[in-house]
Amino acid sequence: MAFSGALACIKPVEQTDKKPEEKYVGAKTEIVVDSSGSYYEVASEGAVQLNNTSAQIDNEASTGTKLEQAQISLNDCLACSGCITSAESILITLQSHAEVFTFLDSNKDATEGTKKLPVLSIAPQPLASLAASLTASACSSSSSSAAPPITPHQVLRRVQAFCREALGIAHVFDTTFARHLALREHLLEFEERKAKDKLGGEAAQGQLPMLASACPGWICYAEKAHSEMLPFISRTKSPQQVMGTLVKEWVGKHAGFTPDKVYHVSVMPCYDKKLEASRQDFYNDVYSTRDVDCVITTGELELMMREKGWDLAQPVPGELDEEAEAVNAESTALPELIQHAGSSSGSYLMSIIEHLQRESAVPLTLSSKIMRNADYEEFTLTVAGSGKTVFKGAKCYGFRNLQNVVRKVGRERGVRTAGGAAGRLAGRAGAGVGRRLKKAGGGGDDDGGKDKQYDYVEVMACPGGCVNGGGQLKPVLPKPQESGVDEEGYPRDWVQTGVVLPETETEMGATTALRADVDPPSVAAIESGVVTNAKWGDKDWTRRVEAAYWLDGSLESMGQAGVQCDEEGSGAAEIKMNGGPHDPDAPPRTGTISSTRQVINDNGGLDTLRAMGGGREGPTVSGRTGGRLNVKSDATSAERRRSAQRVRKQRWAEKLADRVLKELCGSDNDAVKNRHRFFRTEYHAVESDVGGLAVKW
């Protein structure tokens, strides 16, 4: 079993039938491996004979007990990004890029009645990963000190061209409109939970804090290790599954295809999305089809391009053109790359904060405080002047922080957080409800916020959030200098530090075996001056992907934003996060942000955009702040055009969302039921005796 270097397995191990310890008297048995590779447990009769011949070992093994090969099933997996999400650790046959190729080949020769409509959707995080990789590679090969960044908008156009010309997939969307629908449903569910929580009693049980549901790793972990947390998890589907509903039930219908005649491929930043798409909850029993037929990662998409001989670094016609809003009322065109202020993992917490500020009758002030580390940050909304706390939320990324939040929620809500799936609501959360309502006198706000409990937590399993998903591209780093001296003049062993992998035994020593699980750098990578499978610099690389995430695709922004290469042109662009979520050197931050919300002003511009740690801090940014590349711009006409374009896109998204909801859910008495069917789901505690697909490691 292979684990990622920066992660540790967090699956709890308990021994309930522990036997009394015996005084150690030496090993009574030993494990012997015969010539066929089978394992045997044999009685130990003293020192182990290390120089036995193969025949002697086989003879010794025949007297012992053959051990069964250990297996792990997907039901044992917590989707913690430690092992199952490591590249090449597991192959799920029906969730791989090879399956996409197989389908496309068979679909070409399919008859009229069996031919399907292929559709591909790609999340913004893979686009950012590809953009950052292309930018770093271009900067390393550039002779100038600055290179224009490749934006997610450009990458999307190139991916669309690849799918259209090389794969024959004409319909390629990004998932930000699906996220827009998910955020709307998320807000609606939060208000429903908030209203029930104010009632107190039985109605308030398991309502707040509401925990985000977009991360399948977190959902899998909660179902298998902390089922007592399930009532608090939002029922809103993730953007991937909302996109599945949109593609199968709406886009396909308008194109004249039933859901089973649409083949939907999703490109996601992590392997856990494969598990999410395979859930029975997202299977259409009527048409015997899944909302998402196949999930591939960013790395798998790049592999597909390499196998087809497609160079993503080459521009395509029209990649810098602005997106034109659909004028046809019946068009199924979706707005592209909608930016939601907040985090690069969906902006769920910030969307709720902005909603509360927008609906509040009095001005609200937002303050933030980093807790244990930059991936665990609290946000508090208080009434300006009085300081009365009306909302408290948190952003929690990574399993170590996640476990702390689970314990905190358990204490606050009176929930026993027992290990394993056997955890249950202690006293049906009555004690927690009482503590929550004690200071508020029947629900609502408390005084001062000192003892205010969480109302919402944005939870993601990966440290750094979705831009650091296990399926993203490996860091693109400068080619190590052959002299063995780094840029600061210090000697460095590039092989031993993991910057470059050994290609010969002499580099590692004659007695050291080469690593078989990772391929050496390709000739193309070496000639381009970069190493794409480096094992260090992940935090720095995540900052670069984060910065690429927030770049828009306008021609003006490309001219103003540039990547500052180092003097050697290695692509090591300096990006200061100023206390962003992925800055390891950032000091603990506390601060107050007054009236920070995203609104459309009277001039058609976009007012302040506050980002959670590392996102957009406003339409006008000077210097390397908030996770953006160096953009020097005042209130220029170019910036106003970009602001107006963002406003038009938001209005288009709102108008189209209303249309989609009306067409899918209707407006009769069944509208609420249909809305829950299309945009919400349920979770189930998984007991240890449930069998599953056996996967050998």
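Here are some questions and answers about the sheet, helices and loops of this model.

This is a predicted model, in which local features need pLDDT of at least 70, side-chain atom pairs count only at pLDDT 80 or more, and totals for chains, interfaces and linings use all residues. Residues are numbered from 1 along each chain as its sequence is written, and side-chain values use heavy atoms, leaving out hydrogens and water.

Q: In what order do the four strands of the open sheet stand?
A: Helices (H or I, at least four residues) and strands (E, at least two) are DSSP runs numbered from the N terminus, and two strands pair if DSSP finds at least two bridges between them. Strands E7 (171-174) and E12 (294-297) are at the edges with a single partner strand each, so one side of each lacks a neighbour in the sheet. Pairing is parallel, and the order reads E7-E5-E9-E12.

Q: Which residue in E7 is the bridge partner of serine 121?
A: Strand E5 (residues 117-122) pairs with E7 in the parallel sense over four bridges. Serine 121 has its bridge partner in E7, and that is phenylalanine 173.

Q: At about what angle does H9 run to E12?
A: Axes are lines fitted to C-alpha atoms, for helices over the stretch in contact, and angles run from 0 to 180 degrees between N-to-C directions. Contact here means heavy atoms within 4.5 Å. H9 lies across E5, E9 and E12, and its angle to E12 is about 85°.

Q: Is H2 parallel or oblique to H9?
A: The axes of H2 (residues 97-108) and H9 (residues 298-307) come within 9 Å and cross at roughly 50°. Angles under 35 degrees count as roughly parallel, over 145 as roughly antiparallel, 65 to 115 as roughly perpendicular and the rest as oblique. That makes the placement of H2 against H9 oblique.

Q: Which residues in H9 do His97, Val100 and Phe101 meet?
A: These three residues belong to H2. Their partners in H9 are Glu300, Leu303, Met304 and Glu307.

Q: Is the peptide bond from leucine 208 to proline 209 cis or trans?
A: Proline 209 sits in the loop between helix H5 (176-199) and strand E8 (210-211). Most peptide bonds are trans. With omega near 0°, the bond from leucine 208 to proline 209 is cis.

Q: Is serine 347 buried or exposed?
A: Serine 347 lies in the loop between H9 and H10, and has a positive phi of about 60° although it is not a glycine. Buried means under 20% relative accessible area, exposed over 50%, and partly exposed in between (1.4 Å probe, protein chains only). At 1% relative accessibility, serine 347 counts as buried.
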